[in-house]
Amino acid sequence: MRIAVCTGSFDPPTLGHMDIFIRAAGLFDMVYIAVLTSPSKKPAFTADERCGLLTEAARAEGLSNVHTEAYSGLAVDFARKKGASAIIRGIRNGGDLEYERSMEGANKFLRPDIETVYFLARPELEFISSSAVKEMASYGKDIDGLVPDAIKNKIAERLIER
């Protein structure tokens, strides 16, 4: 069985994230979306809430081989625990690539048997980030076309509250 993990904070999940999950689900038998729990960050959604949002969005897309789980620690340790042979990373721009390449080097040092697989963002999605969604919503702007329809209202309500 080909297993991959896709790690991140996903606060909130965006259409860019979903595009990566959909593409990964087509290449791997099982994809774990590993939602980072980091006490140093101040997320808009708890890890459990983000897992719930991601699960709901994945089900709406018919992704039966995608599962979500909260985790803390190193991505390679989560990948090893799940029996994954790959870590999936999305790349929006050159800055992302530079950062992800250094992370790949560290991961390879720790776990040479786990590959990093990069997905380039589709041009129409490359400007979308969780930070941009949070900022737009905090000013009352419509986030339609930025986040999955299945969870858009839940995301908008929370972000407008903040």
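Two rings of Phe, Tyr or Trp count as a pair if their centres lie within 6.5 Å. By this rule, the predicted model described here contains 2 aromatic pairs. The structure also holds 14 salt bridges, while a search of the whole structure finds 0 disulfides. The points below take up these features by topic.

**Aromatic pairs**

- A pair of aromatic rings is described by the distance of the centres and the angle of the planes.
- The ring centres of Phe-10 and Phe-21 are 5.5 Å apart and their planes stand at 70°, so this pair is edge-to-face, given that planes over 60 degrees apart fall in that class.
- This pair links distant parts of the chain, 11 residues apart: Phe-10 belongs to the loop between strand 1 (3-8) and helix 1 (15-27), and Phe-21 belongs to helix 1.
- Both Phe-10 and Phe-21 are buried.
- For Tyr-71 and Phe-78, the ring centres are 5.2 Å apart and the planes are at 45°, so the pair is tilted.
- Tyr-71 counts as buried because its relative accessibility is 9%, and Phe-78 counts as buried at 4%; the limit for this class is under 20%.

**The loop between strand 1 and helix 1**

- Phe-10 has its place in the loop between strand 1 and helix 1, and its relative accessibility is 5%, so Phe-10 counts as buried.
- The phi angle of Phe-10 is near 50°, which is a positive value in a residue other than glycine.
- Pro-12 lies in the loop between strand 1 and helix 1 as well.
- The peptide bond that runs from Asp-11 to Pro-12 is cis, its omega being near 0°.

**Salt bridges**

- Side chains of opposite charge can pair when their charged atoms come close.
- Within helix 1, Arg-23 and Asp-19 are 4 residues apart, about one turn of the helix.
- The side chains of Arg-23 and Asp-19 meet in a salt bridge at 2.8 Å, N to O.
- Asp-19 counts as buried, because its relative accessibility is 12%.
- A network of salt bridges links Asp-19 and Arg-23 with Arg-122.
- Lys-154 and Glu-56 also meet through their side chains in a salt bridge, at 2.6 Å from N to O.
- Lys-154 is in helix 6 (residues 152-161) and Glu-56 is in helix 2 (residues 47-60), so their pairing ties together parts that are 98 residues apart in sequence.

**Glu-69, Lys-82 and their surroundings**

- Another salt bridge joins Glu-69 to Lys-82, with 2.8 Å between the closest N and O atoms.
- Because Glu-69 lies in strand 3 (residues 66-71) and Lys-82 in helix 3 (residues 75-82), the pair ties together parts that are 13 residues apart in sequence.
- Glu-69 is partly exposed, with a relative accessible area of 22%.
- The C-alpha atoms of Glu-69 and Val-35 are 6.0 Å apart in space, although 34 residues separate Glu-69 and Val-35 in sequence.
- Lys-82 has a further contact, in that its charged end sits over the ring of Tyr-32, 4.9 Å from the ring centre.

**Cysteines**

- A disulfide is a covalent bond between the sulfur atoms of two cysteines.
- The cysteine sulfur closest to that of Cys-6 is in Cys-51, and the distance of 13 Å is too far for a bond; a disulfide would need the two sulfur atoms within 2.5 Å.
- Seen from Cys-51, the closest cysteine sulfur is in turn that of Cys-6.
- Cys-6 counts as buried because its relative accessibility is 6%, and Cys-51 counts as buried at 10%.

**Nonpolar surface patch**

- Leu-74, Phe-109 and Leu-110 form a nonpolar patch on the surface, and together these residues have about 350 Å² of accessible area.
- Leu-110, one of the residues of this patch, is part of helix 4 (residues 94-110).
- With a relative accessibility of 43%, Leu-110 counts as partly exposed.

Note on methods:
Residues are numbered from 1 along each chain as its sequence is written. This is a predicted model: local features need pLDDT of at least 70, side-chain atom pairs count only at pLDDT 80 or more; totals for chains, interfaces and linings use all residues. Side-chain values use heavy atoms; hydrogens and water are left out. Buried means under 20% relative accessible area, exposed over 50%, partly exposed in between (1.4 Å probe, protein chains only). Rings of Phe, Tyr and Trp (its six-membered ring) pair if their centres lie within 6.5 Å; planes under 30 degrees apart count as stacked, over 60 as edge-to-face and the rest as tilted. Helices (H or I, at least four residues) and strands (E, at least two) are DSSP runs, numbered from the N terminus. A charge sits over a ring if NZ of Lys or CZ of Arg is within 6 Å of the ring centre and within 35 degrees of the ring normal. Patches are made of residues with over 30% relative accessible area and no salt bridge: like charges are joined within 9 Å, nonpolar side chains (Val, Leu, Ile, Met, Phe, Trp, Tyr) within 5 Å. Accessible areas come from the Shrake-Rupley method with a 1.4 Å probe; for residues, only the protein chains shown count as cover. A salt bridge is a side-chain nitrogen of Lys or Arg within 4 Å of a carboxyl oxygen of Asp or Glu.
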